[in-house]
Amino acid sequence: GTWGWAVQLLREMADSRVQRNTITYSAAVSTCEKTGAWWQALQLFDSMADSRVDRDEITFNAVISACERDGCWLQALQLLNTMGDDHVERSTVTYKLVVQACDRGGAWWQALYLLEEVGVLLL
């Protein structure tokens, strides 16, 4: 699929000694997200750390969105926690994606907890 071309391009960049950066990785992660390849998006995301490439809010949101599409709520939560560990700001969009992942994955209790955590839940 399309995501395979994006991954192959990153490999060819490395083989040709062309520097891969946050933008090139984010584009590849977004391609995986849009084609439903959440596992590949996670793999690319992890390889960013191995390659010492900074992961920013855009990259996190793209990989969380990939998880959201398939209801992979546990992975989305782990990524949310990793954002804090990496000192990357969590936006409203980030929380929305994680809440949607919890909803799609049937973890409604976790979605409610997140809503309460960010002060969105009004009682």
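Start by selecting Trp-108, which is exposed (over 50% relative accessible area; buried is under 20%, partly exposed in between, with a 1.4 Å probe and protein chains only), at a relative accessible area of 57%. This is a predicted model, where local features need pLDDT of at least 70 and side-chain atom pairs count only at pLDDT 80 or more, while totals for chains, interfaces and linings use all residues. Residues are numbered from 1 along each chain as its sequence is written, and side-chain values use heavy atoms, leaving out hydrogens and water.

Trp-108 sits in helix α7, residues 108-117; helices here are DSSP runs of H or I, at least four residues, numbered from the N terminus.

Next, head inside and pick α4 (57-69). Its 13 residues span 18 Å from first C-alpha to last, close to the 18 Å expected at 1.5 Å a residue (that is, 1.5 Å times one less than the number of residues). Since 10 of those 13 residues are buried, α4 is largely enclosed by the rest of the structure. Among the buried ones are Phe-60, Val-63, Ile-64 and Cys-67.

What do the buried residues of α4 pack against? Show α2, α3, α5 and α6 to see the partners.

Now select Leu-79. Ignoring neighbours within four places in sequence, Leu-79 is in contact (heavy atoms within 4.5 Å) with Leu-42, Phe-45, Phe-60, Val-63, Ile-64 and Cys-67.

Technical notes. Helices (H or I, at least four residues) and strands (E, at least two) are DSSP runs, numbered from the N terminus.
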